[in-house]
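Take a look at the model below.

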Amino acid sequence: MTRSVVYVVKKKWVLLVILLLLSGCWDRKELEKLAIVTGIGIDYGEEGDDYQVSFQIARSGEVKTPGSSSQDGGGGGGGSKSVWLLKSKGATIFDAVRNATLQSSRRLFLSHNQVVIINKEVAEKGLLPVIDFLIRDHEPRLNEWLLITREQAETILSLESGLEKISALAIADLMRNYYLSSKIRAVNLHEFAGTLLAKTTENTLPIIGVVKTDQEKGMVIEETGIFKSDKLIGYLNKKETRGLLWVLGKTQDGVVVVELPGEEGKVSLEIFGAKSKISSKVSEGKIRFEIDIAEVGSLGEQTSYANLSSREKLSLLENLKAKVIVEEVEAALKKAQECKADIFGLGEYLQRQNRKEWEKVKDNWGELFPHLEVKVKVKTKIRWLGLLTKPTILEQIK
Amino acid sequence: MIRFLLRKFGLAHLRKESPSTPEGKLLHSDLEENLALFREELGNSPDVIIRRFTLNLRNELKSAVLFIDGLIDQQVIYDSILYPLMIEAKKEKWAVKGHLIDFIEDNLLTVGGVDKDDRMPGLVAAVLAGDSVLLVDGCDQALAISTKGWEKRSITEPDTEQTIKGPREGFTENIRTNTAMLRRKIADPGLKFEQMKIGERTRTKVSIAYVKGIVNEKLVEEVRRRLKRINTDMVLDANYLSEFISDAPFSPFPTVAFTERPDVTAAKLLEGRVAIFVDGTPVVNTAPTLFIESFQNPDDYNFHFLFATMIRWIRYLAFFLGILLPAFFVALTTYHQELIPTPLLISMAAAMEGVPFPIVIEVVAMGAVFEILREAGVRLARPIGQTISIVGALVIGQATVAAGLVAAPTVIVIALTAIASFVVPTQQEIGIILRLGLTFLAGILGAYGILVGLLLTLIHLTSLRSFGVPYLSPVIPLSIEDQKDVIVRTPLWAMWTRPRSIGWPRPIRQGFGQSPTSPEETAGKDWSRPDDKKG
Amino acid sequence: MEEGRISSSQLSLLAISYLIGTTFLLSPGSQAKQGTWLTILLGLGEALIPVLIFTTLAKRFAGKSLIEINDLVWGKIVGKLFSLVFLWYIFHLGSASFAIFVALFKTTVLIATPEVILLISGLLSCIYVSKKGIEVIARTNEVLILITVLLLILGFLLVLNIFNANNLFPVIEIPITRLLWATQESSSLFGQTIVFMMIFPYLNRRKSCTGAIIKGLVVAAILLMSSAVRTTGVLGKISESYIFPNYETDRLIDIGNTLTRLEILPVLNFLTMGFIKSSVSLYVTSLGTAQLLNLRTYRPVVIPLGILMIIAATQNYPDISSHLRFVENIHPIYALPVQIIFPLITLLLAIIRRLPCQGENQ
């Protein structure tokens, strides 16, 4: 028996394995020793050149799961906060991340970061210095949402969401649900970085702000920022944002409100989906674009008393809806052309469809863009009426 | 001389059935001297019975029957030995021709097995095996008469291999009963048994069984060879043999399989394998063994093939879960927290808040506690055993979590692993070793460590052979047609070939294309109504 | 020296794993952006030249490994020099494979762990399997390649919701010189299969080596092309900014917010391919060294060569970008002597000298 034991031990690989086992582990990150960062906010520091980075860190102990044994009786909302806002300064973002350990007992863990909120002044100076760390480092992930804010980023991160315990998760969900209103332009880091490498297309990012009621402050997204390369230069309001989304083909849901001519009342027409087709034509040295949007929707709500279920009425509504869409798109176009920013990706369509022409103009696209002729054609269909055929009231004959 | 040298170097082989004691003494012609010889060998044990009587052949001859009480069937001795010799012999008294012993053997003993011998070692061995020895005064030869009979366990269902829809027979400790059960399953004359006795002191009867014509003769030869070279004191159990003949003694993977069921044994023999019966244990060894066999259960063939296929897959899943779950849990929570979805991570972090030990330690410790509980439950007598498991689980699990010693996710993981590891019973031995090894590796290097561990295991498995057959057949080397019992359990009418790697001497076992169909004549006819016109 | 035998399909699978080995991480031809898949196709065509040359050479001297062939054709001294160059090349490939995987792990997963530990753990498996022989390597590979192909298909499916076909166009935007260079990159990649010249003697059917290698090349090319298409389709223009574009693509997998963060699975999967590449390289180097030095068996050489390999892995590339430069700029030229020139002149000389004489062939 002993002979075989000695034989086994004498084999060198056993020694090697034992060595490996005894040497300890380096990358071990104990779960309890991590500060899980859910949101990052970037502002300028007081000195102007360095950054003040805020980290929203989830306090796991306070985020009570149902049924877990909690020592203090449930404090409900108001009680202990489920997140901790840590502010740290640094010459660069990475510097600020490491400087955070001067204040935090735990190592910052960035892999679960959901959102990056950037102050508009930083955005105006250029975003690349700020996002390089987020892409280069292996911890942050590329599907984080990027947002700009007119306030201080730390203000946004310290807002409480009405429903979620961790507000960064709430913002992320806001972004994911952009299609419900189709008035939010949601962009993640991957898309933003990709568009930075595009020759002609420019970026847009959503802008998050604060909405105040008497007691509370909440978050709201009402604008979209237009970028030239990585610098913020202009804004789109809600209507223009949706115009942008129509062209990008990202409208999946949402409501278009039309007013009935000749009758009182508004009709909410729901969007079920829209597709956009962009074609470029070159004639007489001029470049023309045509944007065809096809949309399908339903009648969602009416404040009018009339029975709108007849084909003529519905056709009328379809035309009204189309008009609204055209308005939105043209508004977005106008703004974009003012800023000389091709946020729609029209240049790429030209590149695909008319190579030669594109080669001629690609270096000058910024200047050329405002002078492009763009025609918008919209076709809508209303196929469904919800559950009602006509409003539940006695028809009033006028 | 040669025997002396062989003895000196401890290399005496087991040849025939004689022990390596000094040359057998010859019998004397005198009864009393012979009996003295026996008493010298067997001592004065109270179970050695010497029944003296007078044999009335030619003359009044003093005779004796010597046997060991408890090993013999008394009825046989009374009816077939004593009665004919004491009563019937009188009628033949003067008809004796030739040698007396031969006459007795030919005409008087109405028993199945009779052997003539004149050397002590053979006769003593026979007595110890349950035969009776007949000594007649004046003859220097004796007869060893087969009178075996002892208390046996009746045929019951084996505890460890239970089926829901299959036969409930299991092997017993008597090798003859077992071989008989096998004969009833395989009525083919090709079923052959080869018997040998292994174990110096236990002289255990070991039988190799195979179906000639289906099995590869080289395999039988190899099994024979390996069994013959065993030189040991005792063979008390099937495992004693399997450890001596296995291909890779240090590997945790079994290259010799066990079963207690005759239907399973029969099926394996008909695939071209060899079975090894060991007297004294209901467990039968089969060789060669493939990795895939541990996932095959006789019940698979008793259920609908779709269900059986699903269950197979659940078994594969359970096996991998049982090995990998704790290791992955450790790896993910210690090294790769980025791979856990955010809400889950936050809840887990909440659950693990305040736990003092690193997760590796916890997982290993809880695993050890679980093994202790399991072992205790097995060793204790039934009623207490069940209480222990319940008490253990509830108290230990609940209390440690509440006290903050162990986190709830850890307990869940260990419990899941434990249950998963019971699904494939054969793999329990392997499972524990692999699980432990992988958990350690995961604790050191995270997922990379798991990969290294899995790679090493895989390499070991692919290099393993069981009696010449690659261990991972039919997956590696890939045999598409053999997948019919690996990935899925195809309907029985579709399993028309034997496994390629083992049954290749006679690959076809049933007719091809026997999927049941309705007879053509019934097309359009409704057989549920009587055929008369008035119907 | 080696009693095992492998079938030609096992050889094809080995070839596939060898080629996939590291290219899923550091893909050659990524300079070509949208045209990557095209360069792979062209490279495949070009690679037929070295493949045909060395398989013809192998078939001519059926049953002999390259070392032995060199000895026969060039004589003891010069032949050994040629063999030495070949062995060094294979050794280099093996150590490069180790280096790439350590690079991947140190940048993404296990950052603080010292390189040595990662290398040694990987080396353990390679040594184990090399010592077991070519049969075990081939059989292990069967399992691993099966899993790999399944995961590749899965990886393609999971990515469909972020796949943007527009990223693949325009196709022909690359200047011709870059295209040619990238083609040469892929071709020198496929030419690495010359390593199997040492394994041909152990095939079941000696004549099937050409078919086996070509089958392996074609399948590997298909896999690489589909991977290139996938990466370009998902990442678009960013793919050239990343060191490990395939890894980044996997990071983006997100189905319904549930099936996400799965990137460790492809990483582990490619690690197994790298393991095969390193193991085959180590095995071939050991076998070749043993034949070169006329040893009785190759097994004692495995461990020392393995250790040297991982030392080389740490020393050869001071930083990851020099490794990238090696793959993109240096290897295409560096491989030419070993893959094309030497086998070609060996073959020509063999023909001229009418070797092997009839008696030497079995």
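## How the parts meet

In this predicted model, 20 residues of chain B are in contact with 24 residues of chain C. Sort the chain B side by class. It has 15 nonpolar, 4 polar and 1 charged residues.

**Two helices in chain C**

Now look inside chain C. Helix H7 (residues 176-190) of chain C packs against helix H12 (residues 320-352) of chain C. The angle is about 50 degrees, and the axes of H7(C) and H12(C) are 9 Å apart. Why are these two helices called oblique to each other? An angle under 35 degrees would count as roughly parallel, and 65 to 115 as roughly perpendicular. H7(C) and H12(C) pack at about 50 degrees, and are therefore oblique. The crossing of H7(C) past H12(C) is left-handed. On the H7(C) side, the contact is made by C:Gln184, C:Glu185 and C:Ser188. H12(C) brings C:Glu328, C:His331, C:Pro332, C:Ala335 and C:Gln339. By class, this contact has 2 nonpolar, 4 polar and 2 charged residues.

**A sheet in chain B**

Chain B has an open sheet of 5 strands. Their order is E6-E7-E9-E10-E8, and the pairing is antiparallel. Which strands stand at the edges? They are E6 (191-198) and E8 (257-259) of chain B. Each has a single partner strand, so one side of each is left without a neighbour in the sheet. From one strand to the next, the twist averages 25 degrees.

Zoom in on one pair. Strand E9 (residues 274-278) and strand E10 (residues 284-287) of chain B run antiparallel, joined by 3 bridges. B:Val274 has B:Ala287, in E10(B), as its bridge partner.

Helices meet this sheet too. Helix H8 (residues 238-245) of chain B packs on the sheet and touches strand E7 (204-211), E8, E9 and E10 of chain B. Its direction makes about 25 degrees with that of E10(B). Helix H9 (residues 262-270) of chain B lies across E7, E8, E9 and E10 of chain B. H9 of chain B runs at about 50 degrees to E7(B).

**Two domains in chain A**

Across the boundary, 20 residues of domain 1 of chain A are in contact with 22 residues of domain 2 of chain A.

By class, the domain 1 side has 8 nonpolar, 7 polar and 5 charged residues.

How values were computed
Residues numbered from 1 in each chain as written. Chains lettered and ligands numbered in written order. Predicted model: local features only at pLDDT ≥ 70, side-chain atom pairs only at ≥ 80, totals over all residues. Contact = placed C-beta atoms within 7 Å. Nonpolar A, V, L, I, M, F, W, Y, C, P; charged D, E, K, R; others polar. Axes fitted to C-alpha atoms, helices over the stretch in contact; angles between N-to-C directions. Helix = DSSP H or I, 4+ residues; strand = E, 2+ residues; numbered from the N terminus. Parallel < 35°, antiparallel > 145°, perpendicular 65-115°, else oblique. Left-handed = near helix turned anticlockwise from the far one by under 90°. Pairing = 2+ DSSP bridges.
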